[in-house]
Amino acid sequence: MLQKFQHHIHGNFPFLKEKELLIACSGGLDSVVLTHLCLLSNLKITLAHCNFNLRAEESDEDEVFVKQLAKELNVECVSTSFDTTQEMKENGGSIQMAARKLRYEWFETVLQERKLNYVLTAHHADDALETFIINLSRGTGIDGLSGIPAKHGNVVRPLLPFSRDEILSFAQEKQLKWREDSSNADTKYLRNQIRKEIVPKLKELHPTFLDNVLTTQTFLSQSKIVLENTYNEAKKRVFKKEGNGYQINIMDLKSLEPLEAYLFGLFKSYGFTAWEDIKSLLDAMSGKEIYSATHRLLKDRDSLFLRPKQEKSEAFYLIEEDVKHIEEPITLLLEMASDLEKVDQNVALFDKEKLNYPLTLRKWRKGDYFYPLGMQGKKKLSKFFKDEKVDVFSKENQWLLCAGEEIVWVIGKRADERYKIDGNTSQILKITYSV
């Protein structure tokens, strides 16, 4: 197995040879074998052990074992302890999900603090098979069936081509010692049921079942690459970059076939996994929106608008009378004009003597109104935005220049009639907005 492992590293992960590696070591069979294989292959390793405090004294004994292993092998060892049950209570999900979150967050911290390069985990071929069956039983797409990735970011899994039997044979041949996790025998966990009851039957029915599944997952992974390329090409056609997000024409989106597959493929990276919700949004009323953990997707007329989630800001900024230039939260240049000058949406002229200082900058609020330049009477900003066909995201990012409670300028769109230049104006204030 050692020769096969070294050939695998040389062919698929040659970059590991010159890097500083962190091995996730539970003390169990798989991680102990990975540790020895790496040492015998002259890789530079540090052991990392997580005590999840889920098996009373057993958990503490596992930690002692890993520290002793590191001492015997003359390698460094770092360890930490978690209140995994409390994490699960606070954030929901299963105890396994809580443990996984805690350990990978800690691994990332250790990598940064100790200036290490990669985390190595001991996932192997049987783990990939069990995950395949679990995902298949729950219903999944190509992502769930294409297997555990051999490399994901700074996490590398060099034992994926090896079966549990191969790993056990190596450990017995080398007379290695390891810890047995008693929870692995508990069939109340789905993975353990599959490992102990289903997989042996499948291997009995077909001796090459494990190899066949791994081959299938290789084909699925290759197909996944083709699919991703197809999605990327469609995204270039349909997604129009706008600010920190995208505008998506609904008719163009509906022209993609099969629509459901494209909806899933185009939006999954933004946290949207229920394509049915996105499909319903296509024919919903304007203003309807759905959320993922990280993004908002809004229907507005004939488009969808995709943006990152943002906290609504109630902040306002003061502009004193002597201020000539500001950069925060937007860029404004304030200067005196000697005569009437050409204006556009981003340049406005005001009668300075009509302004009450300090001026303020703030976002628009429900109920705001102003007196649009060139019109008689006041108008609600919500009605103004609707008439100007301003989408919801743009409204949320709209800044107002105000004097007291009165709006002086809907910046970049329309000034207020009350502050315009007239025959009695003696001081003209010119304000330029730099987009």
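**Labels and the values behind them**

Modeller: Let's begin with K240, whose bridge partner in strand 8 is Q247. This is a predicted model, in which local features need pLDDT of at least 70, side-chain atom pairs count only at pLDDT 80 or more, and totals for chains, interfaces and linings use all residues. Residues are numbered from 1 along each chain as its sequence is written, and side-chain values use heavy atoms, leaving out hydrogens and water.

Colleague: What makes strand 7 and strand 8 a pair?

Modeller: Two strands pair if DSSP finds at least two bridges between them. Strand 7 (residues 239-242) and strand 8 (residues 245-249) are joined by 4 bridges and run antiparallel, so they count as paired. Strands here are DSSP runs of E with at least two residues, helices are runs of H or I with at least four, and both are numbered from the N terminus. The two strands form a hairpin with 2 residues between them, and G243 in the turn has a positive phi of about 60°.

Colleague: Why is the pair of F52 and F82 called stacked?

Modeller: Rings of Phe, Tyr and Trp (its six-membered ring) pair if their centres lie within 6.5 Å; planes under 30 degrees apart count as stacked, over 60 as edge-to-face and the rest as tilted. The centres of F52 and F82 are 5.7 Å apart and the planes sit at 25°, so this pair is stacked. F52 lies in the loop between strand 2 (44-51) and helix 3 (57-73), F82 in the loop between strand 3 (76-81) and helix 4 (84-91), 30 residues apart.

Colleague: And how do you know that F82 is buried?

Modeller: Its relative accessible area is 12%. Buried means under 20%, exposed over 50%, and partly exposed in between, using a 1.4 Å probe and protein chains only, so F82 is buried.

Colleague: What makes the pair F239 and Y246 edge-to-face?

Modeller: The planes of F239 and Y246 are 65° apart, with 5.4 Å centre to centre, so this pair passes both the distance and the edge-to-face limits.
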